[in-house]
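Have a look at the fold first, then read on.

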Amino acid sequence: MKVTLSTDPPLKVTTDLLAVGVADGQQGRDPLVKAIDKASQGSLKKQIRLEKFEGKDGQVLKATPGGVKAKQVLLVGLGDQSSTVAAARTLAVRAASVSQSYGTIAIAPPSEAPDVVRGVVSGAFLGAYRFTRYLTGDRVPSKSLSTVKLLVDKRTPELREAVQAGVALGESVNHARDLTNAPPNDMNPPALADFAKAQAKDLGIQCKVWDKKGVQKLGMNLLLAVNRGSAVEPRFIHMTYKPKGVKDAPKVAFVGKGITFDAGGLCLKPPKSMLDMKCDMSGAAVTIGVVLAAARLGLPVEVHGLVGSTENMTGDEAYRPGDVFTSLDGKTVEIINTDAEGRLVLADALAYGRELGLDCMVDHATLTGACMVALGPWTAGLFTDDEELAERYATAGAVEGESYWRLPLEKALREMLESEVADLKHTGERHGGSITAALFLREFVGDTPWIHLDIAGPAFQDRPHGYSGKGGTGFGVMTGVRFLESLVAVDEEE
């Protein structure tokens, strides 16, 4: 898809669809809406009244008003936050999603601030996204959105840079969505590692991959324990983006859970719960997406992507409740429930990461159903002991329109992880399940500042919501990038 800056007046731009964002209650006052209505001799206003369009968040109105060169006009309600990055992205997502088979659309951004333009461009890629790799015959879409015009007063260098950034961000999110949506017979640990290597090579960044023998040499016995029931070898992936010519750059690692299919191990999941377990590697997809975006944006931050990847199956050598394994950092862990495998894989990856001399680590994982029970399907749980990191990450999420809610690392629940035969049990009791999972992970981060993000809800959707259609969402990539940019801003201020 091609994105261009256009100085064509909105009423004269030649396009299949002209998209206009309208703030809540401004449907009769918005200057562009008034201009279109005047050109159409009042027909637009009549339709607005007929369909009771008020500019509320989520409302859309498609019209063919006449008097403009655009074949159709789409009004998108932006609610009461019409000038934000999130609102701008919403406008573009709605426009692109209803125009997936069109040739060209034109979007009038809520403002020409570079951040807003970046949001519009990334949103266009999110809205145009379709996962069609496995469709055949007449199920393959014959057309796709080819060109998006952003209507601006001037084509400035700042806006050109914003367009490039929006493309990089949107495509990185869609990479994460592709990885998550791919079926588990194709997207297994070797395939995930191959994708990371190929993308890293294209961008000129480092990517080292350990196969099963390599993982054994590293001493990642928890990752190996989960892998024992699978016929497919595990992989450990370490991607490294280092900015050129930047001294003393902040150093951050993103760590992702890469369970490419989760049958639950011997503690087998019920069939209905197993159906979408290809999405259990969403944390890995987000991790890869953040590293790719950081490299394409040329951020002055050193970014590491760490992914432990395996299937969790029920083969002859599958690990069992009651087994004890020694983690990478030397702690022994008693297995309680083989369907709580993600924290084991993350534990070894976090222990590896803490040896890199990082300023902080951020992990993404579809970790617990308990987090979904607590926060619903669209909000991620955020855990950290670091107040400044918590505020910085939540702020980044708010700017990008991704929802996070901080949950407590309640010290009193730590006793649930005490084992009589090992240093730790890897699960606690039923209550507070997302908290005890986070407390288990904290045992492996050492003194490194750390954020744990439980994305079990928003990583994969059963119906369209917000920026995302059904399926993998890439939730977390945009916030991760915004967080990295905030670290750079701090350094510049200092």
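A residue is called buried here when its relative accessible area is under 20%, exposed when over 50%, and partly exposed in between (1.4 Å probe, protein chains only). This is a predicted model, in which local features need pLDDT of at least 70 and side-chain atom pairs count only at pLDDT 80 or more, while totals for chains, interfaces and linings use all residues. Residues are numbered from 1 along each chain as its sequence is written, and side-chain values use heavy atoms, with hydrogens and water left out.

Let's begin with P250, which counts as buried because its relative accessibility is 11%. P250 sits in the loop between β8 and β9; helices (H or I, at least four residues) and strands (E, at least two) are DSSP runs, numbered from the N terminus. P250 and P300 are 50 residues apart along the chain, yet 7.8 Å separates their C-alpha atoms.

| Residue | Relative accessibility | Class |
|---|---|---|
| V33 | 2% | buried |
| S468 | 15% | buried |
| C371 | 2% | buried |
| C207 | 22% | partly exposed |

V33 belongs to helix α1 (residues 31-39). Which residues does V33 touch, leaving aside neighbours within four places in sequence? They are V20, V22, Q27, L44, I48 and L75, where contact means heavy atoms within 4.5 Å. For a sense of scale, V33 and D423 lie 66 Å apart in space, C-alpha to C-alpha, and 390 residues apart in sequence.

S468 is in the loop between β18 (460-461) and β19 (471-472). Not counting residues up to four places away in sequence, S468 touches R177 and T473.

How many disulfides does a search of the whole structure find? The number is zero, with a disulfide taken as a pair of cysteine sulfur atoms within 2.5 Å. Take C371: the closest cysteine sulfur is that of C279, and at 14 Å it is too far for a bond.

Now for the strands. Strands of a sheet pair through backbone hydrogen bonds, either parallel or antiparallel. Two strands count as paired if DSSP finds at least two bridges between them.

Strand β6 (residues 147-151) is mostly covered, with five of its five residues buried. T147, K149 and L151 point one way from β6, V148 and L150 point the other way, and all are buried. Strand β1 (residues 2-6) pairs with β6 in the parallel sense over five bridges, and L5 stands opposite L150. Strand β5 (residues 104-108) also pairs with β6 in the parallel sense, over four bridges. There, I107 has L150 as its bridge partner.

Elsewhere, eight strands make up an open sheet with mixed pairing, in the order β7-β8-β10-β9-β13-β17-β14-β15. At the edges are β7 (206-210) and β15 (403-406), each with a single partner strand, so one side of each has no neighbour in the sheet. From one strand to the next, the twist averages 20 degrees. Inside this sheet, β9 (residues 251-262) and β13 (residues 360-365) run parallel and are joined by five bridges; F254 is opposite V362 in β13. Helix α10 (residues 282-297) packs on the sheet, touching β8 (235-241), β9, β10 (302-312) and β13. The direction of α10 makes about 145 degrees with that of β9; axes are lines fitted to C-alpha atoms, for helices over the stretch in contact, and angles run from 0 to 180 degrees between N-to-C directions.

There is also an open sheet of three strands, in the order β11-β12-β16 and again with mixed pairing. Its edges are β11 (324-326) and β16 (424-425), each with a single partner strand, so one side of each is left without a neighbour in the sheet. Strand β12 (residues 332-334) runs parallel to β16 and is joined to it by two bridges, with E334 partnering K425.

Finally, back to α10 and its helix partner. Helix α5 (residues 157-181) packs with α10 at an angle of about 160 degrees, their axes 8 Å apart. The two are therefore roughly antiparallel (angles under 35 degrees count as roughly parallel, over 145 as roughly antiparallel, 65 to 115 as roughly perpendicular and the rest as oblique). Residues making this contact include A165, A168 and S172 of α5 and A285, G289 and A293 of α10.
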